[in-house]
Amino acid sequence: MSTSENIAVPDALAASYERGGDPAGKAWIASLPALAAQFLERWELKRDGEAGFGEASLVLPVLRRDGTRAALRFQMPKEETTAALIGLRTWNGDGVVRLLDSDRTSGTMLLERLDGSRTLASLEDDDTAMTVLAGLLRRLVSVPAPEGLRGLGDIAAEMLEQVPQAAAALADPEDQRHLRSWASAVAELAGEPGDRLLHWDLHYGNVLAGEREPWLAIDPEPLAGDPGFDLWPALDSGWDDVVATGHPHRVVRRRFDLLTDALGLDRDRAAGWTLGRLLQNSLWDIEDGKTALDPSQTAIAEALRKR
């Protein structure tokens, strides 16, 4: 069986935790080789290829005892990791990668193996790709949110409290106006935050080719709320390519129409909650020290305003 000595943490993954400056994150990275060895042994798994990684997780391709291909995923345990486990258990593979086993204490997951080299971005036709994504999202948000997840109502209230100070940090009065306008849209909807199980990060890069189904969603960050709050990652998918078309507003509106049609959403309400996502993203940017809104955020808002 593999030992901790031959399980190396990729430098880029270690660096992503070091940039945060959190001692707990550095300690988790240091413990990762031993943790990986522990679960390879506990679940009787055999390494089956090179490790993959994202900004926050390590993924080892493995074979189960019966020869089934799977993926062993490690991420530092925190609220988002727990939420992902809750969501994956609830969806039980319907439109999303299947959870085969898990350990809640460490956040370790054993997942079905998908083709990490082929995302939905590989499809050349944007309407085709967006239709696939919309179909997956429809299945995911059709499920009532289980207990144990954060609710959109609480998130909306927290955002609205931050707006006055955040707006003051923006250098351009026009940016300040945008931020307050998005906050007004959220305030109008906050009383009915919804109760669906949201993915919260479903974009082209988080849809992989599979064997059980042609395409499946990965990496959910589940939340209880209105499906309209789940549209922004799809609208923003491959933003540089959207801009390169020369008609970003047209692409955004086309995507928005496809998504809202597929999900059966009221478009005004969906547009309002999408502005809520723009508000959330911008508040995070301001917290990180930015003094101007991201052009993609204002472009999406303008596209929805002119729809």
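This is a predicted model: local features need pLDDT of at least 70, side-chain atom pairs count only at pLDDT 80 or more; totals for chains, interfaces and linings use all residues.
Is the crossing of α4 and α9 right-handed or left-handed?

To the question, then: α4 and α9 cross in the right-handed sense. Helix α4, residues 126-141, packs against helix α9, residues 248-263, at an angle of about 35°, and their axes lie 9 Å apart. On the α4 side the contact involves D126, D127, M130, T131, L133, A134, L137, R138 and V141, while α9 contributes V251, R254, R255, L258, L259, A262 and L263.

Now to a second pair of helices, α5, residues 152-169, and α10, residues 267-287, which pack at an angle of about 55° with their axes 9 Å apart. Because of that angle, α5 counts as oblique to α10. The crossing here is left-handed, and the residues that make the contact include M159, Q162 and V163 of α5, together with W273, G276 and Q280 of α10. In this contact we find 11 nonpolar residues, three polar ones and no charged ones.

Let me move on to the strands. There is an open sheet of three strands, in the order β7-β9-β10, with antiparallel pairing. β7, at 115-119, and β10, at 215-217, are the edge strands, each with a single partner, so one side of each has no neighbour in the sheet. Ignoring direction, neighbouring strands of this sheet are turned against each other by 55° on average. Looking at one of the pairings, β9, residues 207-209, is joined to β10 by three bridges in the antiparallel sense, and V207 has A217 in β10 as its bridge partner. This brings us back to helix α4, which packs on the sheet, touching β9 and β10, with its direction making about 50° with that of β10.

Finally, the hairpin. How many bridges join strand β5 to strand β6? Four bridges do so, between residues 99-103 of β5 and residues 108-112 of β6, and the two strands run antiparallel. Within this pairing, L99 stands opposite L111 of β6. Four residues lie between the strands of the hairpin, and G107 adopts a positive phi near 80°.

To close, I would come back to α4, which has a right-handed crossing with α9 and also touches β9 and β10 of the sheet.

Technical notes:
Residues are numbered from 1 along each chain as its sequence is written. Side-chain values use heavy atoms; hydrogens and water are left out. Axes are lines fitted to C-alpha atoms, for helices over the stretch in contact, and angles run from 0 to 180 degrees between N-to-C directions. Angles under 35 degrees count as roughly parallel, over 145 as roughly antiparallel, 65 to 115 as roughly perpendicular and the rest as oblique. A crossing is left-handed if the near helix is turned anticlockwise from the far one by less than a right angle, and right-handed if clockwise. Contact means heavy atoms within 4.5 Å. Ala, Val, Leu, Ile, Met, Phe, Trp, Tyr, Cys and Pro count as nonpolar, Asp, Glu, Lys and Arg as charged, and the others, Gly among them, as polar. Two strands pair if DSSP finds at least two bridges between them.
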